[in-house]
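Hi,

Here's the structure I promised to send over. Have a look at it first, and then read on for my notes.

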Amino acid sequence: MGDILIKNVMLVDALGERGPVDVLIGEGRILSLEGGEAQRVIEGKGRFLAPGFLDLHAHLREPGQEVKEDLATGLRAAVRGGYTDLVSMPNTNPPVDTPEAVRALRKKAQALGLARLYPAAALTQGQEGKTLTEAGLLKEAGAPLLTDDGRTNEDAGVLAAGLLGAAAFGLPVAVHAEDASLRRGGVMNDGPLADLLGLPGNPPEAEAARVARDLEVLRYALRRAQARPHLHVQHLSTRRALELVREAKRAGLPVTAEATPHHLTLTEEALRSFDPLFKVAPPLRTGEDVEALIEGLLDGTLDAIATDHAPHTQAEKEMDLLRAPFGIPSLEVAFPLLYTELYRKRGFPLKRLVELFTDGPRKVLGLPPLHLEVGAEASLVLLDPKERPVDPKAFASKARFSPWAGWVLEGWPVLTLVEGRIVHEALE
Amino acid sequence: MKHLLDFQGWTRAEVESLLDTARVMAEVLERPVKRVPALQGFTVATVFFEPSTRTRLSFELAARRMSADVVSFAAATSSLQKGESYKDTLLTLEAMGVDAYVIRADAAGVPHQATRWVRGAVINGGDGRRAHPTQALLDAYTLLEALGGLEGRKIAIVGDILHSRVARSNAELLPLLGAEVWGAGPPALLPQSLPGVRLTPRLDEALAEADAVMVLRLQKERMEAGLVNLEDYIAHYQVTEARLKKAKPEAPLLHPGPMNRDVELEGTLADSARSLVNRQVHNGVAVRMAVLYHLLVGRER
Amino acid sequence: MRFKAELMNAEEMRRALYRIAHEVVEAGKGVEDLVLVGIHTRGIPLAERIARYIREFEGKEVPVGILDITLYRDDLSEIGVRPQVRQTRIPFDLTGKAVVLVDDVLYTGRTARAALDALMDLGRPKRIYLAVLIDRGHRELPIRADFVGKNVPTAKNEVVKVKLAEVDGEDRVELWEKEAA
């Protein structure tokens, strides 16, 4: 006797699409794909079942900025978005830079019983870019990667030492790759549109220059380290930086990279509205960059789609474009957005799309793949093809606004399970 | 025309109609009683998030000359950062029954954002580097007064084009009236492109046969940011008597003020008969009266 | 709108204006200090014609100015369409002058009220007269004309159309009736 039976459901994971089957879930696992007795039966006809999503990049703001988001709202937003696992960024107040802080976050998240939290730790103490944190102890406390995200790693020597230090423990070092001195006060993509709108531009070259530098730093670390370092480039936004990562991968460098839902679906044109909702770093780029990123998703240059969910208060996002903070909240819309915009509208392969939410990011963290097979962990998401408009007012996140408000999307998560336990349910 | 944010989407006919009204307003300003009751019952707020005495005074005088009630709100942006928002400020004014908001801010887009929050007319009083449409209108008015027409006329804008809202607004407006606009300045102070303007780092090229020359203010911050060296700028981009020989004889000079004498413009030129600076300030009131009339009368309240 | 009647033909109009010209000179006891001010739009050619008639029989030039009363209207904060503002051109000093305001139709009196306010702001005339081609009644303000071409009793749903050669290509005054809505 299982707990849940999902009947007549199509399966989709990194291996492909198959079904329909009757998925029997119990003891936190998939017990059978051929049905059986269960306490609860859910009709899966017309729906897709996928492995639970993993977000490599979310800002949950706890501790210190709970006015923007906290673990409870952030992790509830995550399960509503189909995420069963999530990496939180350490640029909190104070920054997460000690094993104690990592353990405290994990403990609190476990008690919430929503998505599983992997709190990333700072690469340097206080994220100040000077003194390295204790990579080994942070790893043992549960940190999945080290990053100074929220800031840029201006000191190449510190980054090199960080990559070497993390390599010993198999920890990736994730970088927000923008040359701060080149981007200066840029608030949107630099180019003719920024010139027209009179907004300070953040040049695409600032990202490319920093990715190029970081790849050289990685080369150095690879040559010097007895273990294999791992550089993860966050939120790639430009064609040029993407090409650099592609070349580096071809050359066998241990680099991985992610792209965000906003860089894949929006362009700088959105800034014509002068709405700080669209202010994000790196900035929204051109249509050409979007096309390059989608190409990168297909050919494997990009390993994962990561949200960079960055909640702020409504009032902060109603400041002007110079003062409003950078960031777009997206945990609750990421999958339906890309399901609709990439798979439904452009025929992007569904199997690859799901992989970019599951096995892709799992591999970045060194986790084993998760496929829909008998015996597999029942961390799953049921996706509904029915159309529904994005309604930020209904978000669980404290950031109840969205650049995609009103967009009509398909592929909404209607049921999210973590180890067989229902953590989100929106079945009709 | 619901708001005046910039000149995107404006037609030549709309601009000309506004300038025609401005000519009537200029005549009002010549009368013994320089005041008409046209905007009685309307309330105009000047909302300045960036200090600017000259522009604020010009708007307030324009509103009073039209018999509108005027309220003014000036806030350092620092107080905004303490938690009071643009939106709160504007909604407070809206609750007081304001019909038009003249908004000045150091960030591009604030007037644009304001149109999402208030029902009244929004007039851009200068937003960051983005636009300063009433300045461009008074420049156009002054140029038309001096040149008769702008069709086929070459207007050279000289200086820090990149950071200039005046340059951007003139770049939108003057070509609408048939002018050929050139922009010259050091490469670090030029945009990559600006629709409607031919950009060049060669001052002589922009000045050659120019019918009028508009000189922009060189801000200290640009030198501090290392974008330009002052001596170098003066040596190569200051508009001087000698350099003006390239332009048409008697080509008038405009400057949006306030001026750094002997930096962007040779001091003797600033006081010469070629300078239209005082006409610009004078015409500013008439142009702003016309803008208020066009935006407020006939508007659903 | 439906055409109802012709109120004046070209010859009648000429005679009416000629009479007004005479009355104006008589009232002003000559043309010293006399000036004419036509109200936009049709008041302007009417004022010019009166000036021409005076020149014909007096041999003297009477200055003519033009006045746009738009900025003095009392309904600008209520109307749904913005009226075009036009030039006012009074190239002489009004102070101490006898001013004859000239308009085509006197109806509610609001235009005349606005014109009076505008004139007061332009100078300090010693006397202001009002001359109209047609007085159709229905005053809303205590205003009357000093010189009238023709008094025409009308209903409120009727419209008086003054056509002038300078503006409309012919001299004629018509009465029209608005269709019930």
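Predicted model: local features only at pLDDT ≥ 70, side-chain atom pairs only at ≥ 80, totals over all residues.

Strand β8 (residues 212-215) of chain B pairs with β9(B) in the parallel sense, over two bridges. Within that pairing, Met214(B) has Leu254(B), in β9(B), as its bridge partner. Both strands belong to an open sheet of five strands in chain B, with parallel pairing and the order β7-β6-β5-β8-β9. The edges are β7 (197-200) and β9 (253-254) of chain B; each has a single partner strand, so one side of each has no neighbour in the sheet.

Chain C has an open sheet of five strands as well, again with parallel pairing, and here the order is β3-β2-β4-β5-β6. Its edge strands are β3 (64-67) and β6 (147-151) of chain C, each with a single partner strand, so one side of each is left without a neighbour in the sheet. On average, neighbouring strands of this sheet are turned by 25° against each other, if you ignore direction.

Inside the chain C sheet, strand β4 (residues 98-106) and strand β5 (residues 127-135) run parallel and are joined by eight bridges.

Helix α1 (residues 10-27) of chain C touches β2 (34-39), β4, β5 and β6 of chain C, and its direction makes about 150° with that of β6(C). Helix α3 (residues 110-122) of chain C touches β2, β3, β4 and β5 of chain C, with its direction at about 155° to that of β4(C).

Now for the place where chain A meets chain B. The contact involves 20 residues from chain A and 24 residues from chain B. Together the two chains bury about 1900 Å², 51% of it on carbon and sulfur atoms. Across this interface there are two salt bridges. In a salt bridge between Lys87(B) and Glu318(A), the side chains come to 3.1 Å, N to O. There are also nine residue pairs in polar contact across the interface of chain A and chain B. Sorted by class, the side of chain A that touches chain B has 10 nonpolar, three polar and seven charged residues.

That's what I have for now.

Cheers

Terms used
Residues numbered from 1 in each chain as written. Chains lettered and ligands numbered in written order. Heavy atoms only, no water. Contact = heavy atoms within 4.5 Å. Buried area = accessible area lost by both parts, 1.4 Å probe. Salt bridge = Lys/Arg side-chain N within 4 Å of Asp/Glu carboxyl O. Polar contact = N/O pair within 3.5 Å; in protein donor to acceptor, adjacent residues only side chain to side chain. Nonpolar A, V, L, I, M, F, W, Y, C, P; charged D, E, K, R; others polar. Pairing = 2+ DSSP bridges. Helix = DSSP H or I, 4+ residues; strand = E, 2+ residues; numbered from the N terminus. Axes fitted to C-alpha atoms, helices over the stretch in contact; angles between N-to-C directions.
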